[in-house]
Amino acid sequence: MGFDWPASPLFFGAIVVILLLALWFHAQGLIKGAPSKIAFRLILLRFVALFFLLLLLARPFLEQEQLDQSRFRLLSLVDLSGSMEVRDDRKGKKRSEEVRPHFNSLEAESWINQQRQNYGKVDVFGFSEERKRLVTGEWNINEIGSQTALGDALSRSLSQSDDEPESPLGSLVVFSDGRNNFGRNLLEVGNEFRARGIPVNVIGVGKDRPQGDLRVSFDDRNPRAVAKEDLLLSANITNEFSNPVTTQVNLYLGDEKLDELSVEVKPGGSRKISFDPIVPKTAGTRRYRIEIVSPEGDVDAANDFDTLLVEVKPPLQFSILYISNQPRPLYPFIKRSLSKEEQFDFQALIRLGENVFHSVGEGMESNYPEDEEFWMSYDAIIADTDVLDELNATVTSSLKSFVQKKGGGLLLWGPLEEARRILGGVVPVKAAERVVLKQDVSLRTLEEPLFGPEDEVEEMKPFLPARLPGYFVTQKNPASRGVVVVRASGESILAIQAYGAGKVAYWGSPNDWRRSLRDEDGNREFDRFWQALGQWLGSGGEERLKVAEPATELLKGAEAPLQVEALGSDFEPAVDAMVEAEISGPGGFLQKVQLYPRGAIAGQYAGDFRPQESGAYEVSYKLEFPDGEKLEQSGYIRVGDSGIETKDTSFAERDLKMLANLTGGKYQHISDFNSGWEPTFAEDLPTLKKRKSLADAWPIFIALFIAAGIEWVMRRQVGLR
């Protein structure tokens, strides 16, 4: 502190003495001429006013020494290597995400803006294996999985300071988890900073946690799977942690959880578990998924789940129900054909009168069903369309679910108007013309999908009987196709389609029983036809959207392929569909990708995306045909880590503290870090002295005015001049 009094200090002291003597004599007069209480108050006010007056005359000032911003540099290094992409808490932020807000140039209160306000320009570099300047808002330069060369980054910063002697390095701040698995030794470079007197301040990013790997996989990749029989699935769990781990194992089919187990696995050991038996109700493909809840510190999220595509074969016996509102000539012939084969459990429900029913089958009640679950115990339903109007709305609605969700088969014949109104698009035919022909009309049966080459369908001689009603299909659903057609004109008599998980068909020849009576060959052909149709209906639908999943684990940061195969309504490869994939994954990852036809393979669509984290990625494929038909399917992709960074992502706090202490810098953990934190600077940096005059402060003038004003008012109140 100093004074700006322009004259000699002795002269100023003389003025002070004179003013104090004057105040003394004045005080003596006040004490004699005024009440003592008032006198002392006036003396005090006069003394205060005199003090502030002398302060203005002496002009005191304060000197502050500050670093010369123009003659040194503040440098910050941000670790952007692969280990900074891990999450120390399962649902927490990545390490890099904890650092990013402190370098937000758009936020006035961020640490980087505070430092620039205090010290001018602050250089910011990101580093992994190499050091690169970080431009404002650019945080995507890190190479996923790249190694950490912290020692090299520090050494490069020191070399840059030597190249710029006019602007030496005053301080360095490092944001890192301390991994240093590439390049120079960290403490060796720290000694160089210490020799130069440049402190390295460290902000530690990470947590101490046990590390290891807990993984799970299906034990049997080819389990025996038959519809309506027990399916046994098992899994292996391996613990590579150094301590016992208790985890929860979940088995899923789609989004449905089928089983849940709690398992403890010894360190370095494996354990095999078996799930409760599963009974697939219908044939077809099923994608089962197993997941474990891995502990904190699990280094590989990609093996925390596994998927298994199981081909469920048709049941050894198909349960088929024939239902009608009146006796039909076709019924006894179908019953005879299907009942003679052990693979069919044939049941029937036929109304004979107002309250009279004919029923076949164990436990079959003699009345129309009223329970919406009635259909679910069957594999296929053969129904007269006239019966639909006599069933309640709940039962007919559940018939749609039976086909679409359970994967059951449904064969309809008869008038279409009520069937279309009640079942809608489940019926594969929009319109059919009722005809009564004068003579038999020859029909042709296509081989696919009911028959194989061994059935020699070209030798079959189906026909539409003369003088009996039949139906020509005049308008089909876009997804349906004819498989029994008029030989001459090509009009459909039997139209089929896949609907959801099941299959549906419309039969336009309800008097096909005439074929069985023509001759012995016709009888055998009738049996073979209806047995093949019953088996096809009961075996579930053919998948028209097939998802190809990579057989091996993919690597994060690399392109992950997406591929599907699509079949059109005619079950031929679709070449005109629009296919979109919606991918969701760890860390809130969400992306939509358009898939395009692959030139070499008809019906195959492909695309790719780039996953940024390891773990399970669910891919939902949505396919739309030009006629408006839509298909959906989902699959899973396993994405893992690669490189030395993934083998050890522990927090090297000890090394970071040693670096800070060795160089004379500060150490601070990111959890305690805030925008007001100040780094330590080198001691020999150039400084500037700034002087602040206290006499220029406006509160002094106000205090002087108030003291003098109060004294004047008090003097007038007691009658003094």
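Biologist: Is Glu456 buried or exposed?
Modeller: Glu456 counts as exposed, because its relative accessibility is 53%. Exposed means over 50% relative accessible area, buried under 20%, and partly exposed in between, with a 1.4 Å probe and protein chains only. Mind that this is a predicted model: local features need pLDDT of at least 70, side-chain atom pairs count only at pLDDT 80 or more, and totals for chains, interfaces and linings use all residues. Residues are numbered from 1 along each chain as its sequence is written, and side-chain values use heavy atoms, with hydrogens and water left out.
Biologist: Where is Glu456?
Modeller: In the loop between β21 and β22. Strands are DSSP runs of E, at least two residues; helices are runs of H or I, at least four; both are numbered from the N terminus. Glu456 is not a glycine, yet it has a positive phi of about 50 degrees.
Biologist: What joins Glu448 and Pro449?
Modeller: A cis peptide bond, with omega about 5 degrees. Pro449 sits in the loop between β21 (441-445) and β22 (463-464).
Biologist: And what is the phi of Arg467?
Modeller: Positive, about 60 degrees, and Arg467 is not a glycine. Its loop runs between β22 and β23 (469-476). Arg467 counts as exposed, because its relative accessibility is 61%.
Biologist: New topic. How many cavities of 30 Å³ or more are there?
Modeller: One. A cavity is a set of points on a 1 Å grid over the protein atoms alone, where a 1.4 Å probe fits but cannot get out; lining residues have an atom within 4 Å of a point. The largest cavity has a volume of about 40 Å³, and a volume is the space filled by probe spheres set on the points, which are joined across faces, edges and corners.
Biologist: Which element gives the most to its lining?
Modeller: β34, with three residues. The lining includes Val547, Leu562, Tyr621 and Ile637. It divides into nine nonpolar residues, one polar and one charged. Here Ala, Val, Leu, Ile, Met, Phe, Trp, Tyr, Cys and Pro count as nonpolar, Asp, Glu, Lys and Arg as charged, and the others, Gly among them, as polar.
Biologist: Back to helices. Where is Phe25?
Modeller: Phe25 is in helix α1 (residues 9-33). Phe25 counts as exposed, because its relative accessibility is 60%.

Methods. 1 Å grid on protein atoms, 1.4 Å probe; cavity = no way out; pocket = protein on both sides within 12 Å on 5 of 7 lines; lining within 4 Å.
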